[in-house]
Amino acid sequence: MTFASRPPANFHTSGLVRRLRWSGLAAAAIATVIVAAVYGGLPEQIPTHFGASGQADAWGPRSSVWPLLGVWLLVQALLAFLSTWPRMFNYPVPVTEANAQRLYRDGEGLMVFMGVSVAIIFTGLVLLSVGAPGFPLVGVGLAFLLAVLVVGVGRLMRSPWA
């Protein structure tokens with residue numbers, strides 16, 4: 001079944017999902033504004049890589065924080081945008097009239113909660129880059145991302161085939 005032949009999406013998106021969809025992008029934008037405000041006070045060299053223990057093991061110029069923020073903004077924008085098109089996703093089960101709306105809703109939720117996970121991870125990475133403690137946030141974000149993927153894919157796979 002091609003995307004064009006799938007049933008149209010006509011499910012109701014919850015208010016929580018609508019708010020969460022854009023919260024990661026808002027977090028990235030706010031972080032960018034905050035970094036711009038404190039940029040002059042950052043040391044000339046900032047950590048750019050961290051080992052598993054959370055200790056910095058590579059350093060670079062303070063300008064290296066901008067690509068990190070740019071990637072964050074791009075990933076958040078893509079996840080938010082893609083979450084609005086669940087009809088286009090690849091699903092682990094065939095999409096039928098009987099299961100389409102549930103698959104679309106669950107697929108949308110999976111993408112939105114992945115965006116929340118990414119926001120938590122990148123918040124921690126930006127904090128680490130500017131010398132603040134962010135390692136716990138990176139760990140929490142990665143654990144949340146794993147949980148989101150396991151639960152989200154599990155929900156998609158339990159959808160009836162007919």
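Which backbone oxygen does the side chain of R102 reach? In this predicted model, the side chain of R102 reaches the backbone oxygen of R155, at 3.4 Å. R102 itself lies in helix α3. Its relative accessibility is 19%, and buried means under 20%, so R102 counts as buried.

Y39 sits in the loop between α1 (15-38) and β1 (45-50), while W66 belongs to helix α2 (residues 65-82). The two residues are 27 apart, and the pair links distant parts of the chain. W66 has a relative accessible area of 31%, so W66 is partly exposed.

Helix α2 also holds W72, whose ring pairs with that of F122. Why is this pair called stacked? Planes under 30 degrees apart count as stacked, and the planes of W72 and F122 are at 15°, with centres 5.9 Å apart, so the pair is stacked. F122 lies in helix α3 (residues 100-129), so the pair ties together parts that are 50 residues apart in sequence. Both W72 and F122 are buried.

Two further features involve aromatic rings. F89, Y91 and Y104 form one aromatic cluster. The ring of Y39 has the charged end of R62 over it, 5.0 Å from the ring centre.

Conventions:
Residues numbered from 1 in each chain as written. Predicted model: local features only at pLDDT ≥ 70, side-chain atom pairs only at ≥ 80, totals over all residues. Heavy atoms only, no water. Helix = DSSP H or I, 4+ residues; strand = E, 2+ residues; numbered from the N terminus. Buried < 20%, exposed > 50% of the residue type's maximum accessible area, 1.4 Å probe, protein only. Phe/Tyr/Trp six-rings, centres within 6.5 Å; stacked < 30°, edge-to-face > 60°. Lys NZ or Arg CZ within 6 Å of the ring centre and 35° of its normal. Polar contact = N/O pair within 3.5 Å; in protein donor to acceptor, adjacent residues only side chain to side chain.
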